[in-house]
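Here's a quick briefing on one model, with a pocket to look at and then a sheet. Have the viewer open while you read.

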Amino acid sequence: MTQSPPPKAWMQDSLREGYSALSRGDHQGAIGCARRVLTAKPDLPEGHFLVGLIAQDRSDLATAVQAFGSVTKLAPSHGAAWAQLARLFMRMGHINRADDALRQAVDHQDGNPAVQDAIATVYSLLGDQPAAAGWLDKALAQQPRHLGFLVNRANNRMFLGDFDGAEDSLRAALAINPDSANAHWLLSNLRKATDARHIAELERLIAGSRSPQDLAYLHYALGKEREDLGDWDAAFTAFAAGAAARRSTLAYDEAAEVAMFDALKQHLTPDWLNNRPPGCADPSPIFIIGQPRTGTTLVERIITSHSQVHSAGELRQFDSALRRLVNYRGRARHSAQLIQQASGVDVQRLGEAYLSTSRALRGTLPRFVDKLPTNYRYLPLILAALPNARVIHLQRDPMDACFASFKQLFADAYPHSYEQGEMGRHHARYFRLMQCWRERFGDRFLDVPYEAVAADPDTHARRLIDFLGLPWEDACLDFHRQSGAVTTASVVQVREAAHTRSVGRWRRYENQLAALKDALLAEGIPLTLPH
């Protein structure tokens with residue numbers, strides 16, 4: 001095969017200009033540069049690579065996949081494009097495609113540290129934190145002062161429970177860029193603050209920042225440390241400012257969520273379930289559902305301390321398999337149309353597709369836990385598609401549950417959690433939907449109150465293991481000694497024994513949470529639950 005001639009000098013200059021524009025956030029300028037070079041040379045891999053990076057930065061995942069796919073067709077040994085594809089497929093929940101692309105990236109990586117970092121990210125998303133650590137070490141061996149690599153290594157060390165190593169990486173990152181908001185936020189979450197030294201630095205950075213993303217990191221860090229020191233009013237002021245900054249960057253279609261929840265109750269009835277053909281009989285899945293920050297990780301750690309149960313993390317595979325099987329073309333998080341189409345899905349194929357696409361994450365043990373909280377929406381579909389799966393629903397007092405989310409900065413989930421009224425109304429929809437599922441299918445899943453587990457882990461650990469049909473193992477009471485990686489917002493907390501310190505914490509902020517309280521009461525939702 002004749003190798004195409006290298007790009008002309010002006011094309012190389014245009015590509016450099018495009019990358020520079022992209023780094024400044026100038027998407028239109030970058031698109032113009034890519035268009036010029038691809039018009040002149042449509043088979044230029046680096047031109048398509050630039051298109052992929054632009055699309056990825058704009059969250060246009062379909063275009064990004066198409067662009068990086070074009071690169072790998074034109075240059076099959078382009079390790080960077082394979083690494084980008086692997087990362088994109090993970091974001092989209094296409095685990096098997098991500099696994100294939102990752103193998104290609106590993107085979108064709110040429111020592112480029114940026115590619116090694118991307119490979120580490122995919123291993124991390126696949127749940128293989130030791131492998132991710134190895135690739136991060138390779139990247140940092142070449143560029144030991146790369147801020148992004150150091151922050152990624154800090155995250156990796158936190159996931160593995162190596163908090164000293166995480167702190168070392170963050171200190172190194174801040175020595176390079178003392179203004180790194182992400183590094184400061186991670187540092188605040190590592191340990192309980194014992195003095196106000198870091199607070200002064202956070203306040204200085206807040207005063208000089210105009211970036212909503214940075215302000216979210218910094219205010220949430222400040223709130224966490226103020227709360228550690230018992231300065232409750234100042235803590236809430238910081239949390240509220242961080243939430244407002246984060247909310248300004250998010251799109252949240254509450255009306256679409258309302259319509260989706262109505263469709264769930266309308267279409268997924270007992271008659272619907274009883275008239276489904278048999279689903280996939282595999283008994284290996286264990287679903288933990290509910291709201292975030294309600295003890296889902298605590299219960300997962302108890303269960304996965306058992307020798308027969310693997311932690312697969314928060315999987316997006318059920319939602320992805322459903323959308324693919326019904327050929328749903330929309331991109332919205334919430335859609336009544338999706339649920340209408342889902343009511344006609346082949347449930348056996350849905351169960352098989354879920355198991356197939358999650359294979360790389362399920363481990364080799366007889367059972368595995370999928371603890372994506374939002375799977376509560378799909379409970380009847382799970383019961384139909386995987387009738388032998390076990391489902392555990394975590395309950396928590398509504399005010400504590402909502403406040404715990406409000407003061408947590410999430411990656412890209414839960415856009416309703418940054419404004420008190422939106423949070424209260426969302427929780428009411430969730431609460432009523434679970435009431436509906438309980439009335440219709442209550443004998444098919446187990447309700448577990450977080451407060452009771454925290455107060456008496458022994459009794460409830462035994463109840464959980466019994467519900468799963470597994471023999472009792474004493475290791476399930478020593479879950480906090482587990483060495484496995486944790487990749488959720490509870491990464492620090494679950495390394496300690498169960499406690500009740502967070503029960504009723506919202507009452508310290510009762511006056512500031514008046515809007516949340518009013519929203520819940522207006523919807524008829526109790527502020528606390530009977531335990």
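How much space lies in the second largest pocket? About 390 Å³, going by this predicted model. The other topic here is an open sheet of 5 strands, paired in parallel.

**The second largest pocket**

- If you want to centre your view, 18 residues line this pocket, and the closest to its centre are Glu167, Arg171, Leu187, His198 and Glu225.
- Four helices turn up as elements that give two or more residues to the lining: H10 (163-176), H11 (181-190), H12 (197-208) and H13 (212-228).
- H11 hands over the largest share of that lining, with 4 residues.

- Reading across the open sheet, the strand order is E2-E3-E1-E4-E5.
- At the edges sit E2 (309-311) and E5 (446-449), each of which pairs on one side only.
- Going from one strand to the next, the twist averages 25°.
- Helix H25 (residues 457-467) packs on the sheet, where it touches E4 (390-395) and E5.
- The direction of H25 makes about 165° with that of E5.

**Strand E3 and its neighbours**

- On one side, E3 (residues 367-370) is joined to E1 (residues 285-289) by 3 bridges, with the two strands running parallel.
- E2 is also joined to E3 by 3 bridges, and this pair runs parallel too.
- Which residue of E3 is the bridge partner of Ile286? That's Val369.
- Val369 in E3 also has Ser311 standing opposite it.
- Phe287, meanwhile, stands opposite Asp370 in E3.

**Side chains along E3**

- Which way do the residues of E3 point, and are they buried or exposed? Arg367 and Val369 point one way, while Phe368 and Asp370 point the other way.
- Every one of these four is buried, the charged Arg367 and Asp370 included.

Terms used. Residues numbered from 1 in each chain as written. Predicted model: local features only at pLDDT ≥ 70, side-chain atom pairs only at ≥ 80, totals over all residues. Heavy atoms only, no water. 1 Å grid on protein atoms, 1.4 Å probe; cavity = no way out; pocket = protein on both sides within 12 Å on 5 of 7 lines; lining within 4 Å. Points joined across faces, edges and corners; volume = space filled by probe spheres on them. Pairing = 2+ DSSP bridges. Axes fitted to C-alpha atoms, helices over the stretch in contact; angles between N-to-C directions. Contact = heavy atoms within 4.5 Å. Buried < 20%, exposed > 50% of the residue type's maximum accessible area, 1.4 Å probe, protein only.
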